[in-house]
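Visitor: I have a chain open on my screen and a few quick questions. Can you walk me through it?

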Amino acid sequence: MYVLGLLTLVNLLNYLDRNVVYAVFEPIKRDLNLTDAQLGWIGSAYIIVLSLAALPLGVIGDLRSRRIVITWGVTLWSLATAAGGFVRQFWQLFTCRALVGFGEAGYGPASQAIIAQYYKGKRRAFAIGVYSVGMALGGVLGIWVGGIIAEHYGWRWAFIWMGVPGLVLAVLASRLREPDRRPPPRIRDTLLSWWRHGKHGVTRYVLPFAICAGAGALLAGFLALFERIPSQVITAVFSIGASAGAAWTVWRLVPLAVRQTTQAGAVAADALDDFQHAAALVLRTPTLIWVFLGGAMVTFAVNGLIAWAAAFMQRVHGLSVESVGSEFGLWALTGGVGGALFGGRMADRLQQRWHGGRLLASGAGFVLGGPVCAALLLVEDLRWFAPLVLATYFFYAWYNGPLAAVILDVVPPAVQASVLGAFVLFSHLAGDALAPPLIGYLSDRTGSLQGAMLLLPAVGLLGGVIILIGLTSVERDMRRVSRLDLHVSGGR
C-alpha cells in the first residue's frame with residue numbers, strides 16, 4: 001500500500017504541475033500579450049515533449065530502472081515548473097513547460113508498470129484506478145489552488161509554489177523497491193551519487209534540447225520582426241525546434257541505457273529484443289489498435305476541457321478562477337475521484353464475468369458523458385452547472401484505470417512499460433497535444449470560445465465508440481498473451 005500511496009501522491013503532483021498553467025491563462029495572456037492560439041501552444045508544450053520522450057523513457061525503465069526514471073523525472077519537472085514563475089517572454093514559458101513534459105514523460109509508464117508488479121490479477125484495474133485518483137485530484141486542484149494563489153499573489157507565484165514540493169517527493173521516490181530487482185541504495189549514497197555524477201549527466205543530455213530550443217527561439221524572434229508573418233507560424237517554428245531537441249535528447253538516452261544494461265548481463269539483451277518487437281506487437285494486436293485510436297480521441301476531449309475550463313468560466317460566465325474553484329471545485333473533485341474509483345471497481349467486477357469488462361467501462365464513460373459535457377458548455381443557468389460538472393467529471397474519469405489495465409492485459413510483461421510509453425506517445429501526440437492550440441485557433445477565428453469547445457464532447461463520444469469496437473477482439477488477444485506466458489514459464 002505504501003508504494004501505491006506514494007505513486008498516487010506523486011501522480012497528484014504530476015497533474016498539479018501540468019494543470020496550474022490553465023488556471024493562469026487569462027493573466028498570462030494579459031501580461032505577455034498573447035493570442036488564444038499561443039495560449040494553446042503553451043498548454044500543449046509539455047504534451048508535445050512528453051509524447052516524444054515517453055516511449056524511450058519507458059524503454060529505459062524496462063531496461064535499466066523504473067525507480068531511477070521516476071526519481072529524475074520528478075526532480076526535473078518540479079524545477080521546470082518553479083522556473084515558470086521567472087519568465088518574461090512567450091518562448092521562455094514555452095521552454096519551461098516543455099521541460100515539465102520531459103520530466104513527466106517517463107513517470108506514467110514506469111509507475112504503472114511498478115503497480116502492475118505489485119497488483120496482479122483481478123485487483124490490477126482497481127489499483128490503477130486508485131493511482132488515477134491522483135490525476136483527478138491533481139487535475140482539479142492544479143487549477144483551483146493555482147487560481148487561488150494567482151488571485152492573491154500573482155500568477156508567477158502559482159508556478160513557484162507548485163514546483164517546490166516535488167523535490168521532497170523525488171527523495172522518497174528514490175527509495176522505492178522494485179520487485180525482482182536490486183533494492184535501492186541508502187539515501188545518503190543516492191544524494192552523493194547525484195552530486196558527483198548528476199551535474200555532468202544533466203548537462204550532457206539536456207544540452208541538445210537547449211541548443212535546438214535556443215535556435216528555434218532565435219529564428220522565431222527574427223520572424224517576429226516582420227508584422228506580416230502570423231503568430232501561429234512563429235509559434236510553430238519554435239515548437240519544431242523544441243521538439244527536435246527533445247527527440248535528439250531521448251535518442252541519446254536510449255543507447256546509454258541499453259549500453260549500461262547490456263554490460264550488466266544477458267537479461268538486457270532479452271529486454272531489448274522485446275522492445276524491438278513492441279511496435280509490431282501493437283499492430284498485431286487488434287485490441288491495441290482500437291485502444292490507441294480511441295485513446296487519442298478521448299484524451300483530446302479531456303485535456304481540451306481541462307485546458308480551457310477556467311478561461312471559459314471567466315469569459316462566458318464572468319467568474320474568477322478562485323470563485324470557480326470554491327463554487328464548483330468540490331463537485332469536480334467528487335465527480336473525478338468517484339468516477340476513477342467507480343470505473344476501476346466496476347471494470348474489475350465485470351472482468352471477473354467477462355473478458356471485455358474493463359474495455360466496456362473505458363468506452364462507456366465517454367459515450368454517456370459526451371451529451372452531459374455538451375450540456376455543461378451550453379447551459380446558461382448556473383444552478384444546473386454544479387450537477388453537470390459532477391456528472392461530466394464522473395463519466396470522463398471511468399477510463400483512467402481500466403484502459404491502462406486493458407493494455408497490460410494484452411501485452412507480455414517484459415514490454416509493458418514500453419507499450420504503455422507507446423500509448424502515451426500516440427494518444428498525446430495525436431490527441432490532447434492538438435486540443436489546446438486547436439481550440440484556441442478556432443476561438444481566435446470565430447470569436448467564440450464556447451462554440452470552439454463544443455468540438456470536445458463530440459470527439460470524446462466518437463473515441464468512446466471506437467474503444468468499444470475493441471470488444472470484438474479483446475478476449476482473443478488476452479488468451480494469446482496467456483498462452484505466451486505459459487510457454488515462457490515452461491521454457492525456464
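What follows is a short chat about the fold, the core, the aromatic rings and a surface patch.

Visitor: What am I looking at, and how many helices and strands are there in the protein chain?
Guide: This is a predicted model. The protein chain has 23 helices and zero strands.

Visitor: How much of it counts as buried?
Guide: Of its 492 residues, 58% count as buried. The protein chain exposes about 20400 Å². Carbon and sulfur atoms supply 66% of that area.

Visitor: What share of the contacts is between residues 24 or more positions apart?
Guide: 83%, counting contacts with a separation of 6 or more.

Visitor: Now the core. Which residues of the largest nonpolar core touch the most other members?
Guide: L7, Y22, I28, I70, W308 and M453. That core has 125 residues. Helix α14, residues 286–316, gives the largest share, 15 residues.

Visitor: What does Y22 touch?
Guide: Leaving out residues up to four places away in sequence, Y22 touches G43, Y46, I47, I143, N303, I306, A307 and A310.

Visitor: Back to α14. Is F292 buried or exposed?
Guide: F292 lies in helix α14. Its relative accessible area is 8%, so F292 is buried. From F292 to I407 is 9.5 Å, C-alpha to C-alpha, yet they are 115 residues apart in sequence.

Visitor: Switching to rings. How many aromatic pairs does the structure hold?
Guide: The structure holds 17. One of them is F342 with F394, a tilted pair. The centres are 5.5 Å apart, with 40 degrees between the planes. F342 sits in helix α15 and F394 in helix α17, 52 residues apart.

Visitor: Why is the F366 and Y399 pair called edge-to-face?
Guide: Because the planes of F366 and Y399 meet at 65 degrees, with ring centres 5.1 Å apart; the cut-off for edge-to-face is over 60. F366 is in helix α16 and Y399 in the loop between α17 and α18, so the pair ties together parts 33 residues apart in sequence. Both F366 and Y399 are buried.

Visitor: Last one, the surface. What makes the nonpolar patch?
Guide: L461, L462, V465 and I469 make a patch of about 280 Å². L461 is in helix α22, residues 455–469. L461 counts as partly exposed, because its relative accessibility is 32%.

Technical notes: Residues are numbered from 1 along each chain as its sequence is written. This is a predicted model: local features need pLDDT of at least 70, side-chain atom pairs count only at pLDDT 80 or more; totals for chains, interfaces and linings use all residues. Side-chain values use heavy atoms; hydrogens and water are left out. Patches are made of residues with over 30% relative accessible area and no salt bridge: like charges are joined within 9 Å, nonpolar side chains (Val, Leu, Ile, Met, Phe, Trp, Tyr) within 5 Å. Accessible areas come from the Shrake-Rupley method with a 1.4 Å probe; for residues, only the protein chains shown count as cover. A salt bridge is a side-chain nitrogen of Lys or Arg within 4 Å of a carboxyl oxygen of Asp or Glu. Helices (H or I, at least four residues) and strands (E, at least two) are DSSP runs, numbered from the N terminus. Buried means under 20% relative accessible area, exposed over 50%, partly exposed in between (1.4 Å probe, protein chains only). A nonpolar core is a set of buried Ala, Val, Leu, Ile, Met, Phe, Trp, Tyr and Cys residues joined through side-chain atoms within 4.5 Å. Contact means heavy atoms within 4.5 Å. Rings of Phe, Tyr and Trp (its six-membered ring) pair if their centres lie within 6.5 Å; planes under 30 degrees apart count as stacked, over 60 as edge-to-face and the rest as tilted.
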